[in-house]
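Morning, everyone. Please have the sequence and the model open. I will go through cavities, then a sheet.

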Amino acid sequence: MMKNKISAILNLKEDDSKLLPLTEKRSISSLPFGCRYRLIDFPFTSLHSAAVNSAAFFIAGNGRSLHDHIRSGASWGLDSSIGGGLFPHTETAIREAVEMGKADQINSFYHDQIHYVIRSKSEYVVMMGTKMLCNIDIKALLRYHQEKKADVTVVYKNMVQSTCNASEDETYLLFEGQATDRITNLVSFDKLGANRDKAPVNMDIAIMTSKKFVELATQAGKNKLRSETMLLFKDHLDEITVIGYEYTGYLKNINSIQSYFDANMDMLNEKNYNALLTRGDSIITKVKNGAPTFYSKDAKVKNAQFASDCLVEGEVENSLIFRKVTIAKDAKINHSIVMQGSQIGSGSSLEYVILDKGVKIGEGVHLKGTADNIKVIKKNTVVEPERGVKA
């Protein structure tokens, strides 16, 4: 694929309110996942596989955690000094709030996107986020877009309707007819209609020519639309040709603590693991060297994943353990996620719990959630049996 054929815009202003406290000091894009990854690794890997060497990303906050992970973008080939690079835009929520009252002005969100696309000199623009956890083949998406001669192509996945939820941030596609892939509307779950076997979930991924993007973004900015990918063309479905591209791989909408927990647990299933992590090119992340995890003679492990640099003396089942975690003798962990640098004391137990980074669990502490009500312990918290929880 020729250099600068595609540029990328990543809208990372995703609603993280239902992921607190995990997103208290990080965006959804920098959430740890699957023992060694961050959610940003998945769209970045898709860009790398399509030889995309230029990307701009937009974050509501300051993005320190994300910057610490991606640095120059070299791991994904996004550090090119010739026609490429990684272009961050932070604190966009504050800037947008200030500008919304100014008449006849394209707000900075769209202005910066337009400026980036023009400077990239790319022929096409792909737009995506990170809350829709997937492994998308952008080259195949571009081929489909070209074959269909569409103005915009949107990615969706057909899901069994009974498994879908009515979350406010999830939208579904309506098509012109059963024999066509032309999209006529984007609707909420309650307007999808009953008696359907499958529901086409909008994945918030779209591709179009740079010329069409500049045209739509200019109009969206003048109309003071919110900074969402699908709003670029939702009001123009009668005027332009917008088609759907069906994705058939693993998908999870990471929009709540429950969905984040479930997605991690899905990785303990070989079918899900392979569908997400080994579909096409393997997922790329920042390399961290470390010693192999050590299991003592007393350790008992069943259906669990471990990163490097861990010390395991207790029992672990149906759980994911990140880097540099210490699990003392007689400790028991089941259906839980333990993030980097956490320590679990002797005789303690975790069940349906998420420990954020650097949590210290004292001896004899018992923390228990349920399958549909996960208990979350904030980053760097110390939990002692007598004193309870303290930050």
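**Cavities and a sheet**

The count comes to two cavities of 30 Å³ or more. This is a predicted model, where local features need pLDDT of at least 70, side-chain atom pairs count only at pLDDT 80 or more, and totals for chains, interfaces and linings use all residues. Residues are numbered from 1 along each chain as its sequence is written, and side-chain values use heavy atoms, with hydrogens and water left out.

A cavity is a set of points on a 1 Å grid over the protein atoms alone, where a 1.4 Å probe fits but cannot get out; lining residues have an atom within 4 Å of a point. Points join across faces, edges and corners, and volume is the space filled by probe spheres set on them.

The largest cavity has a volume of about 80 Å³. Of its 14 lining residues, Gly129, Thr130, Met132, Cys134 and Ile205 are the closest to its centre. Helix α1 (41–49) and strand β11 (198–209) each supply at least two lining residues. Helices are DSSP runs of H or I, at least four residues; strands are runs of E, at least two; both are numbered from the N terminus.

The second largest cavity has a volume of about 30 Å³. Helix α4 (residues 108–120) gives the largest share of its lining, three residues. Among the lining residues are Phe109, Tyr110 and Glu228.

Now the sheet. It is open, with five strands in the order β16-β19-β22-β25-β28 and parallel pairing. Pairing takes at least two DSSP bridges between two strands. The edge strands, β16 (305–306) and β28 (375–377), each pair on one side only. Strands β19 (residues 320–321) and β22 (residues 337–338) pair over two bridges. Leu320 has Ile337 as its bridge partner in β22.

Methods. 1 Å grid on protein atoms, 1.4 Å probe; cavity = no way out; pocket = protein on both sides within 12 Å on 5 of 7 lines; lining within 4 Å.
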